[in-house]
Amino acid sequence: MQPAPPAPAAFHAPGPLRGTVRVPGDKSISHRALMLSALAVGTSRIEGLLDGEDVLATAAAMRAMGAECVREGDGRWMVHGVGVGGLLQPAAALDMGNSGTSTRLLMGVVASHPITATFTGDASLSGRPMGRVIEPLARMGADITASPGGRLPLMVRGLCPAVPIEYRLPVASAQVKSAVLLAGLNTPGLTRVIEPVATRDHSERMLRGFGAELTVEEDGTATRIITIRGEAELRPQEIAVPGDPSSAAFPAVAACLVPGSDVLVEHVGLNPTRAGLFAALQAMGADLSFENAREIGGEPVADIRVRGSALSGFANDPRDVASMVDEYPILFVAAALARGRSVFTGLEELRVKESDRIAVMAQGLAAIGARVEETADGLIVEGTGGDRLAGGATVAARLDHRIAMSFAVAGLVSHAPVIIDDMAPVATSFPGFEALMTTLGAERRQLAPA
Ligand code: S3P
């Protein structure tokens, strides 16, 4: 994929944010919906799929390996699957763009197919560690040649039949868990993943929904033991993808921070392994409630109402990190406006996301006048007690969509402009972010010509 030219922007809120909006489909569920549909025998239909660049990278890869993936309309897709074991050798390298989820999950898929695939990505993805998936997949028999440091570009030569393993996750990572389970799908016998900390369970839910034999045992502590029987036959499905809570996080926090706001974000997925941010905001005193709770496609969904709120400082429980792992950047912004001190710990995984999210947020927040102190595994934030931040700086998004959106929201509660050097990465997960924020009353600031 060609990098888009940098698109600097800054936003402000001339008044309270108000209105009813829907965010795009859940990114994690969208990736899995395409992959499992491509591995089913027959035609699946998906609605609400996120048409973001990351998910399009997954669709392109599934096409390159023989599945038919057709976008029929807004978020509506038809996928004609080739069956577990039926993927074909891709003719060219698979370009994963910015998407760690596409890369790690597809490495798992390829690992137990009799094919070889090369994975490439952008500068951000090429800096991210892949050793965490290489290690278990190599134990299953895949032959993986990576760039120095276990990075992209890398080549996976699958083994068929692969060897089933029992794997205890050394890091709390749904991507690693899913890579092993997806490799297990075409592996004879039982493949088992033991996760000491619960991470998002969309793979488990959807694998079961497609007819795979998968069990989850809990041992009375937080540990979960997930077992999949391989050589499964997946049945095609009709899938409805709920709105992404990780995207809903931005208008929700914006509504908390801009005084007098009243925003309803409809149709948000609230899987308990994903909903940590909303509980954290409530603990900080946010006027945030759930309406019309329901279930869609095996996932809990609700509408979230958020009103302007005076927030207090927050100390996270490191055991809850996985349930909001992608939401810390925007939570740091909320903490910067809260009354008192917030202490965030146990966040080392944030350093290996699309950017080093602890360092990048600490630098950007300091540049716009927040009082922050970076620690090895987190951040300490002294909030303003609701006063606006100074602003008046350009912050670097570093090819990280969530950094860009977090500073877009920070700009709504800053005196002088907060210029994000490049909003282009937002298209990976939240196309329409600016339009949505504009619907609620935010405005793009006029920037002086460079
Ligand atoms: C994801 C899992 C998380 C998350 C990422 C999406 C997934 O990564 O940060 O944005 O869809 O499985 P880790 O599992 O590596 O923590």
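Me: Okay, to start: which strand is Pro-153 found in?

Reply: Keep in mind that this is a predicted model. Most peptide bonds are trans. As for its place, Pro-153 is found in strand β9, residues 151-157.

Me: What is the phi of Glu-231, which is not a glycine?

Reply: First find the residue: Glu-231 lies in the loop between β13 and β14 (238-240). Most residues other than glycine have a negative phi. Glu-231 goes against that, with a positive phi of about 55 degrees.

Me: Let's zoom out. How far apart are the centres of domain 1 and domain 2?

Reply: Domain 1 takes in 11-25 + 242-444, and domain 2 covers 27-240. Taken over C-alpha atoms, their centres are separated by 28 Å.

Me: How much area do domain 1 and domain 2 bury between them?

Reply: The size of an interface is often given as the accessible area lost when the parts come together. Here 28 residues of domain 1 are in contact with 26 residues of domain 2. Carbon and sulfur atoms account for 49% of the buried area, and the total is about 2200 Å².

Me: Which residue meets Arg-200 in a salt bridge?

Reply: Side chains of opposite charge can pair when their charged atoms come close. Between domain 1 and domain 2 the count is three salt bridges. For Arg-200, the N to O distance is 3.5 Å, and the partner is Asp-326.

Me: How many residues are charged on the side of domain 1 that touches domain 2?

Reply: Across this interface there are 15 residue pairs in polar contact. On the domain 1 side, β17 (299-307) and α12 (401-412) each supply at least two residues. That side divides into eleven nonpolar and eight polar residues, and the charged ones number nine.

Me: How many residues apart are Glu-195 and Arg-224?

Reply: The whole structure has 34 salt bridges. In one of them, Glu-195 pairs with Arg-224, with the closest N and O atoms 2.4 Å apart. The pair links distant parts of the chain, strand β11 (residues 190-195) and strand β13 (residues 224-229), and the gap is 29 residues.

Me: Last one: which feature does UniProt place at residues 13-435?

Reply: The end C-alpha atoms of residues 13-435 lie 14 Å apart, and the span is 30% helix and 27% strand. The UniProt entry is unreviewed, and the feature it places there is "domain: Enolpyruvate transferase".

Conventions. Residues are numbered from 1 along each chain as its sequence is written. This is a predicted model: local features need pLDDT of at least 70, side-chain atom pairs count only at pLDDT 80 or more; totals for chains, interfaces and linings use all residues. Side-chain values use heavy atoms; hydrogens and water are left out. UniProt positions are given in the numbering used here, feature names are shortened, and annotations may be inferred rather than shown by experiment. Helices (H or I, at least four residues) and strands (E, at least two) are DSSP runs, numbered from the N terminus. Domain bounds come from an automatic or database domain assignment. Contact means heavy atoms within 4.5 Å. Buried area is the accessible area (1.4 Å probe) that two parts lose on being put together, summed over both. A salt bridge is a side-chain nitrogen of Lys or Arg within 4 Å of a carboxyl oxygen of Asp or Glu. A polar contact is a pair of N or O atoms within 3.5 Å; within protein, one must be able to donate a hydrogen and the other to accept it, and residues adjacent in sequence count only if both atoms are side-chain atoms. Ala, Val, Leu, Ile, Met, Phe, Trp, Tyr, Cys and Pro count as nonpolar, Asp, Glu, Lys and Arg as charged, and the others, Gly among them, as polar.
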